[in-house]
Amino acid sequence: MTEDLRQRVAGIPGDPRRWLVLVAMTGSLSMIMLDQTVVSVALPTMGRELSLDPAAQQWVVNAYVLALAALVALGGKAADLLGPRRAFRSGVTLFFLASVGCGLAPAGPLGEATIIACRTLQGAGAALMVPVSGAIVIAAFGPGERGRAMALYAGISQVFVALGPLIGGLLTEYVSWRAVFFLNVPVGIATLVLVAIAPVPARRVPGTRVRPLDVLLVVAGLALTTVAIQGAGADGASAPVLALLAVGLAATGWFVVRQLRAPDPLIHVRLFADRGFTGAAVVTGFVQFGLLGLVLYSSIYLQELLAFGPMQAGLAVLPLILPLTLAAQIGGRWFDRAGVRGPVLTGLVLCAVGTVAWMLALPGLHYAIQTPGMALVGVGLGLTLSPTNTDALSRVADTERTQASGVVQTVRQLGGTLGIAVIGAVVISADADAPGRTAAPAGIAAGFAVAAGAFVLAALVGALLLARRVPGPTGTVKLPAGTNPSVGPG
């Protein structure tokens, strides 16, 4: 990034406009993350009105996350083609228009198709926003401030992930489940106003190309693989399920090969040559794998098995929310002082222990005995989430941050969509003899065991790969000759 562009993004060091940039980007990411979980409490009510079976309810959540995972790299390219400001505005607009479509989904035969299609469009809108926002925040702050800035950016957004059930419960019980989606309209408009005021760059990158085959391969590969995993929960390892899985994995493999050979790839897989970057990205994916499964099935557990109302179910996640909020700030400051390993490894151990404690309490059908495990998970997530993202983006040069952000978010959202698919398959297969219900205690406990395993794997990866000290923006990964780096957002 040139000095001129750095000043356009955040002014000179100490310029208060950098905080306006942070507010705009944090607001957008919070809206995106909120939508991953806000529908979880509304799902039982939505399912009754729209006649959604358990698999369709999974897809209301997973269509959004899958579209975000498959298209987030394309969002980084869109920032190069259109300029960061225009790409970001387009994403926000698509996001809240799709939210309106979700809120207007009709009861009856068209309801399921409408809600899933509009959730997919929401994910596509989010994919235009995510890669740009993280890179802009990193560029706007110096190395001594990045940990705290990213703690606010990622930490506040993760609070909204956790607040999703509470907000969803409030709106569902006292307004309508449709209000869960209409909420995004004023938030989206406010975000557009902030982006118009904040010094977000509009510069395009000449010569950027998007190859349609690459987009087709990544979308088809991830979608078919996810469908196959979810189908295995209902139908077992049947021939159609195995065929879908084979085609999905083949398409994904072909996509990766093409990215390695392309001079200007859609996803810069060469970034994984950096050991620390790989560790941070993979840890983020495993954490999202466990997190989304926990949020979705804990909400279903509270309403279907403990007979909580939507609002009561939302309030019941406070033992997860409050510790996460506090620990996110501790994690950011810990990263600034000592690097990524300390907060992340500590956080992952707490996540695993907390999930096991929570899982062991589920069969008792008593809420109070679940809260210690929830609190441990909240502390662990707070310590883990912002340091991993900050470390990954800090390991690359300024001109590579959009690509790096796109790669990290692709891995993260892929982890989330696979988590919903795998944990959902485990829950449904474990409860095959419980017709008319989404889950029973043993099935949800089995799903929580899978989430705990994901946190353990994340800790092992982190112990092997995460760096032992704070990295500088040294650009240790050099992109291939002829690459058009994304200098727009930082």
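Colleague: Where is Ser-51 found, and what marks off the helices on either side?

Modeller: Ser-51 is found in the loop between helix 2 (17–50) and helix 3 (54–82). Helices are DSSP runs of H or I with at least four residues, strands are runs of E with at least two, and both are numbered from the N terminus. This is a predicted model, in which local features need pLDDT of at least 70 and side-chain atom pairs count only at pLDDT 80 or more, while totals for chains, interfaces and linings use all residues. Residues are numbered from 1 along each chain as its sequence is written, and side-chain values use heavy atoms, with hydrogens and water left out.

Colleague: Why is Ser-51 called exposed?

Modeller: The relative accessibility of Ser-51 is 58%. Exposed means over 50% relative accessible area, buried means under 20%, and partly exposed lies in between (1.4 Å probe, protein chains only). Ser-51 therefore counts as exposed.

Colleague: What makes the phi of Ser-51 worth a remark?

Modeller: Most residues other than glycine have a negative phi. Ser-51 is not a glycine, yet has a positive phi of about 55°. Leu-365 also has a positive phi, near 55°, and is a residue other than glycine.

Colleague: How do you know whether Ser-394 is buried or exposed?

Modeller: Ser-394 is found in helix 15. Its relative accessible area is 4%, so it is buried. The side chain of Ser-394 reaches the backbone oxygen of Thr-390 at 2.8 Å.

Colleague: What describes the packing of helix 11 and helix 15?

Modeller: Two packed helices are described by the angle between their axes and the distance between the axes. Helix 11 (residues 275–304) and helix 15 (residues 371–394) pack at about 145°, with axes 9 Å apart. Axes are lines fitted to C-alpha atoms over the stretch in contact, and angles run from 0 to 180 degrees between N-to-C directions.

Colleague: Which residues make this contact?

Modeller: Among them are Phe-277 and Leu-291 of helix 11 and Leu-381 and Asp-391 of helix 15. Contact means heavy atoms within 4.5 Å.

Key
Polar contact = N/O pair within 3.5 Å; in protein donor to acceptor, adjacent residues only side chain to side chain.
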